[in-house]
Amino acid sequence: VYNSFRAVKVTDFFFLLLHLRSQVKSESCVFAICDSPVFIWPNKCVHATPDEITPDTSCEDLYPTDEQESAGKRSAKKKIKKSLSPSVLNFHLMMEVTRPGPLSAPILSKTVTKSHFLTATLPMDCVVHTSCSDTLRDACEKLMEALINQLGEMEKVILQHMNGTTVLVPEPLHFLLPEPNGLVTVIFPAGMPDSQLETKRRELHQQYELLEDRPYFRRANAHHFPNEPYRDGYLRNPHLSLTHPTLDNGKVFLVQGIYSYHHYMQDRIDDNGWGCAYRSLQTICSWFQQQGYIERSVPTHKEIQQALVDVGDKQPSFVGSRQWIGSIEVQAVLNQLLNVTSKIMFVSQGSELASKGRELANHFLTEGTPIMIGGGVLAHTILGVAWSETTGQIRYLILDPHYTGAEDLQFITDKGWCGWKGPEFWDQTAYYNLCLPQRPKVI
């Protein structure tokens with residue numbers, strides 16, 4: 001739910017928040033279901049338009065059935081579904097500005113005083129969980145309660161960080177935590193960097209009984225809903241659309257979290273034939289960025305090359321060149337630019353990779369980071385393994401940086417640019433070095 005409220009006088013702060021609460025509780029409060037003609041008055045006996053939507057309408061009925069889709073029926077219910085994930089229904093919070101009945105003529109008055117005025121916007125954003133069997137009345141009650149509670153949490157944040165006439169606007173963020181917590185909403189002061197919020201994050205870790213070795217509550221970890229597009233244009237986690245291989249008594253061990261797919265010819269750089277390790281490194285850097293471990297952007301090819309010059313691994317002429325890099329260089333750049341350490345796994349010939357199931361499974365189970373593997377003139381990214389401890393069977397989930405096409409998820413997965421590969425994928429006689437980045441132990 002999104003809305004903007006404006007405050008005027010700092011001295012009237014408490015009265016304004018009381019007024020905001022009264023607005024949310026008033027009959028003027030309206031929910032508009034995004035991409036649909038449906039409006040709901042939650043405090044007016046859950047009145048809705050069109051009339052076919054009633055307080056006892058189930059949440060499931062707000063989405064069209066397969067029969068409605070195939071028959072092409074035109075209805076309010078069908079329009080709701082457009083551009084939405086099947087599990088997410090977005091509402092806008094609105095306020096009626098007119099009243100029914102006759103209105104008196106406005107009276108204008110002018111008062112000249114010296115005052116300090118402040119304009120602030122409270123970006124209210126709530127998430128509630130409902131089941132398909134819940135009625136619209138049930139959902140609205142949950143949402144109204146969440147809105148009132150969020151105003152209270154915003155008040156606490158504003159008071160805590162108010163300095164004279166300076167106010168930090170509260171910023172609601174949603175975080176998807178390990179079960180049983182699920183999706184939770186936290187209010188942070190907007191504009192305050194994560195480095196100054198460590199005490200608050202520690203309190204949240206204690207509140208939700210989380211270990212203090214992963215940055216669950218950094219802004220980069222805020223949950224991204226399925227219907228919200230990424231603005232940078234990169235594909236995220238293309239492996240999620242794949243079917244896992246079936247092995248006898250096998251288990252699947254995958255990368256944990258979110259990464260971006262970086263490959264040849266992106267960012268207006270023609271690195272076809274020499275930049276595969278750079279792209280694999282960028283994918284790894286994106287993982288650390290999107291898990292909240294770092295705040296810097298994914299490094300460019302020149303920034304990667306300059307980092308290798310800075311650590312003494314390359315000569316200054318290396319910057320701007322088209323020279324290859326390997327796993328050892330990837331390890332050095334991660335340490336130099338991200339302060340991330342890595343382990344190196346040496347494999348004298350590709351046939352030995354089939355026996356590395358236990359080590360790779362343990363890496364994805366404990367660290368969960370993408371792995372860069374280089375051998376000869378080729379580099380790839382390993383995102384997971386399917387491995388059977390009893391039979392030794394193994395499959396590798398490979399993200400191929402040699403792809404040169406558009407960000408077409410179906411084409412990428414159909415053609416195997418992101419896909420499961422068998423042991424024959426590797427050159428059986430070539431040597432390989434694997435760079436296994438380690439998670440920093442930070443909160």
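User: Why is Glu 329 called buried?
Analyst: Buried means a relative accessible area under 20%, exposed means over 50%, and partly exposed lies in between, using a 1.4 Å probe and protein chains only. Glu 329 has 16% relative accessibility, so Glu 329 counts as buried.

User: What kind of model is this, and how are its residues numbered?
Analyst: This is a predicted model, in which local features need pLDDT of at least 70 and side-chain atom pairs count only at pLDDT 80 or more, while totals for chains, interfaces and linings use all residues. Residues are numbered from 1 along each chain as its sequence is written, and side-chain values use heavy atoms, with hydrogens and water left out.

User: What makes the contact between Lys 314 and Glu 329 a salt bridge?
Analyst: A salt bridge needs a side-chain nitrogen of Lys or Arg within 4 Å of a carboxyl oxygen of Asp or Glu. For Lys 314 and Glu 329 the N to O distance is 3.3 Å, so the pair qualifies. Lys 314 lies in the loop between α7 (301-310) and α8 (327-338), and Glu 329 lies in helix α8, so the pair ties together parts that are 15 residues apart in sequence.

User: Which other residue forms a salt bridge with Lys 314?
Analyst: Asp 313 does, at 3.8 Å from N to O. Asp 313 has a relative accessible area of 38% and therefore counts as partly exposed.

User: How do you know that the length of helix α6 agrees with its residue count?
Analyst: Helices (H or I, at least four residues) and strands (E, at least two) are DSSP runs, numbered from the N terminus. The expected span of a helix is 1.5 Å times one less than its number of residues. For the 15 residues of α6 (residues 276-290) this gives 21 Å, and the end C-alpha atoms are 21 Å apart, so the values agree. Of these 15 residues, 14 are buried, so α6 is largely enclosed by the rest of the structure. Gly 292, with a positive phi near 85°, follows α6.

User: What makes β5 and β6 a pair of strands?
Analyst: Two strands pair if DSSP finds at least two bridges between them. Eight bridges join β5 to β6 (residues 182-189), so they pair, and they run antiparallel. A hairpin joins the two strands through four residues, and Pro 172 stands opposite Ile 187 in β6. Six of the eight residues of β5 (residues 170-177) are buried, so β5 is largely enclosed by the rest of the structure.
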